[in-house]
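Please look over the sequence and the structure shown below, and keep both at hand while you read the report that follows.

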Amino acid sequence: AWRKFSPKGFTSKEDFEAECVRHIETTLARSLFNCDELAAYSGTALAFRDRLIIDWNKTQQRQTFADQKRIYYLSLEFLMGRALDNAMLNVGLKNVAKQGLDELGFRIEDIINQEHDAALGNGGLGRLAACFLDSMASLNYPAWGYGLRYRYGIFKQEIENGYQVEIPDYWLDFNPWEFPRHDVTVDVQFFGWVNKYTDDEGKQVVSWQDGEMVTAVAYDVPVPGYGTSTVNNLRLWSSKASSGEFDFAKFNSGDYESAVADQQRAETISAVLYPNDNLERGKELRLKQQYFWCAASLHDIIRRFKKTQRKWSEFPDQVAIQLNDTHPTLAIVELQRILIDKEGLEWNAAWDIVTKTFGYTNHTVLPEALEKWSVPLIQNLLPRHLQIIYDINLFFLQTVERRFPKDREMLSRVSIIEESNPKMVRMAYLAIVGSHKVNGVAELHSDLIKTTIFKDFVKVYGPDKFTNVTNGITPRRWLHQANPRLSELIASKLGSYEFLKDLTLLNKLEPFVDDKEFKKEWAEIKYANKVRLAQHILKSNGVSVNPKALFDVQVKRIHEYKRQQLNIFGVIHRYLAIKSMTPEERKKLAPRVSIFGGKAAPGYWMAKTIIHLINKVGEVINKDPDVGDLLKVIFLEDYNVSKAEIIIPASDISEHISTAGTEASGTSNMKFVLNGGLVIGTLDGANIEITREIGEENVFLFGNLAEDVEDLRHNHFYGDYSVNPELLKVFECIKSGTFGDEAAFGALISAIVDHGDYYLVSDDFDSYCKTHDLIDESYKNQDKWVSKSIQSVARMGFFTSDRCINEYADSIWNIEPLAVKEEA
Ligand code: 26M
């Protein structure tokens, strides 16, 4: 009977308004008289949240009742961005809200823009996790995400005098999308010592004693699917001091300050997201974060498993855990510890369960990004885990020895322990040994890990343990939400929005590649998106750019391997060319806007220098009267998910120009092409598969191949080698002070001239510039350009994260969707 009175949520415009107002007045206790856009956002979010909660509860009940295998996606990063627009899309009442807000005197876009991004991630890896959650819910997989509830997400970037400045991102003031579960807690132990003894019955007992306890508190975030009532759960852990007797004793004995200090130390664990991307620094607090989150998540998963009353051997039939990079590798050790120390299983039986449960995804081959933790650090923080790691290694090396007798070299190469000083635990090796499947994130990358960093493990386990799952992106956010007009145009030709669920249907656009009317609308939408970005640029940078110019975009984390330096050197090269042209020659040139965006890790000095150079080059070029509209250089501050949603639909060309073999996949390449942009790129990561799908004629490829990189690097030191002369002219220009403060940029030049040009900037420079000239020529033929754009979109079906998740489900998780009977 209570169901009758339970909130069903609104369906009409009037009911929406009533709900929105009710929430503003009662939930938020605010007067309608000063209802600003933030209040309207809050009311709208709460109204949609109510609708989600109903389906969320049902989904959780249904999944519990079905009692089948679940997938647990462990990621230290979930780069979710904003939630409201996505909630509206999935609930399906955006239009109702639009009309309602209109009547209340608001524009829905302004209301959506009030929301703070949930920026709990650095870049590609974190955004991939967010796309995966969207796909798993949309495909009705029973899936949970587990992560950390950072108080501070990735820092906000400001540019001051051309330099990056980091501002803390405190984002939790008002977050209607999280639900604190103060009753769902796990106590997590650190430090202490290991006690091995024989109990009264003569049994060997191992116990991890004393140390300190920190409590993990669950915060749940609903993850709605598109076109389904499935709403999955993202569980984020927050740290707080345990309210054990220990603390009470301190408070009571008058040691108030130290008790408060303990509390703060506990809360520090989930305080801040580490802002590194592809760089490992071995900080103790980072290891604490990792264990805290792994221990809490595993405890939670086991608690749920135990309710089913099954035997331990059935654990892998109920639970699949996917490790997003090596960051959660301690979960492997923790599960083994629980099974043998707490549940009394034999080592082998336990280890069999562990390896059947875990899968490991590798996201990088860069050596500086591979996690290693020092043995003394682990010894101190997690003494029992270190013993188990040594045992895992011992048993592993014994099997290797049986297969490769007397190959001592092999043993030391594959050992989980690196015999350095101090000794180090190689987390990727531990992740491989503890998982049944290891995957890379694009074909080239998956091949490379098998032939380079993990080649010995292919010899040990055979090739079948290693597989590829090429990344994908969710077309809901990256097409429909970011580019509603393009989505609508596509739907008008395809007859429905079904392509948002089955992206391969985009191939039905191919017949329109030469349709005049369709091409006109297609081009108009791109132009409108460029006008919108131009407005944004004017507001944020004070620079007026011509929306008719070719928009050339590179937005991603700043890293030497991604080669933003190649791009800005190319821009300077273009600037010099323009300066030396006659007015007649200039008239023939296609106007360009070079747009950059991205954050540098705060400690990554070279990356910060690249940002500085881009900004200084922009200052000079943008006010040079010889150049005018022919070239503008823009650095967009604080690139994040919601900025990406504006920038990506507005690009004509985007740059994916990493040194071949270094970018595992890239995912923004997929987003740009799906939005009708063309790409310039190296034969790296997913660029290769994108080219295969959309056709070589639709991609501007350049540069050396991955297979040649090693020899080229060698040649820089030992061959008859000289830096590209056109690039040297660029360096002369910088050194002459054209962009001010020439000393500031010396390191960028000497990395190439004096230090071996590790990223092959000089080797690829000529090919890069010539390809840009080709782009200029192609852009002049707008008709052909638009056809390429349409044809590319038509062939992008493969790159949906739905396909990707189905591949994981089939080849790694062995899990089926849970059918939903939709109510009439
Ligand atoms: C390491 C140590 C301390 C703090 C942070 C880190 C760390 C954080 C993020 C290390 C690596 C991190 O992410 C790496 C990453 O984003 N890799 C990218 O993954 C994408 C999804 O698979 C790929 O598309 C990109 O090519 C790859 O660079």
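## Aromatic rings

Ring pairs join Tyr72, Trp144, Tyr146 and Trp237 into a cluster, where rings of Phe, Tyr and Trp (its six-membered ring) pair if their centres lie within 6.5 Å, and where planes under 30 degrees apart count as stacked, over 60 as edge-to-face and the rest as tilted. The model is a predicted one, in which local features need pLDDT of at least 70 and side-chain atom pairs count only at pLDDT 80 or more, while totals for chains, interfaces and linings use all residues. Residues are numbered from 1 along each chain as its sequence is written, and side-chain values use heavy atoms, with hydrogens and water left out.

The structure holds 33 aromatic pairs. The pair of Phe512 and Phe518 is tilted, because the ring centres are 5.3 Å apart and the planes stand at 45°. Both Phe512 and Phe518 are buried, a word that stands for under 20% relative accessible area, whereas exposed stands for over 50% and partly exposed for what lies in between (1.4 Å probe, protein chains only). Tyr575 and Phe739 form another tilted aromatic pair, with 6.4 Å from centre to centre and 50° between the planes. Since Tyr575 lies in helix α23 (residues 564–579) and Phe739 in the loop between α30 (725–735) and α31 (746–753), this pair ties together parts that are 164 residues apart in sequence. Tyr575 and Phe739 are both buried. Helices (H or I, at least four residues) and strands (E, at least two) are DSSP runs, numbered from the N terminus.

## The two sides of helix α9

Helix α9 (residues 256–268) has 13 residues and reaches 19 Å from its first C-alpha to its last, which is close to the 18 Å expected at 1.5 Å a residue; the expected span is 1.5 Å times one less than the number of residues. Which residues of α9 are buried? They are Ala259, Asp262 and Ala266, and they lie on the same side of α9 because they cover an arc of only 55° around the axis, the arc being that of the directions from the helix axis to the C-beta atoms. On the other side of α9, Glu257 and Gln264 are exposed.

## Around the ligand

Of the 22 residues around the ligand, those that come nearest are Glu280, His363, Asn471, Glu663 and Gly666, and a residue is near a molecule or strand if one of its heavy atoms lies within 4 Å of it.

Backbone N or O atoms also face oxygen atoms of the ligand: one of Ala664 lies 3.3 Å from such an atom, one of Ser665 lies 3.0 Å from one, and one of Gly666 lies 2.8 Å from one. Taken alone, the ligand exposes 610 Å², and the protein buries 97% of that, with accessible areas that come from the Shrake-Rupley method with a 1.4 Å probe.

## Backbone details in loops

The peptide bond from Asn421 to Pro422 is cis, with omega near 0°, and Pro422 is found in the loop between β15 (417–418) and β16 (424–426).

Asp741, in the loop between α30 and α31, has a phi near 30°, a positive value in a residue other than glycine, and at 46% relative accessibility Asp741 counts as partly exposed. Asp757, in the loop between α31 and α32 (761–780), has a positive phi of about 40° although it is not a glycine, and with a relative accessible area of 2% Asp757 is buried.

Conventions
A polar contact is a pair of N or O atoms within 3.5 Å; within protein, one must be able to donate a hydrogen and the other to accept it, and residues adjacent in sequence count only if both atoms are side-chain atoms.
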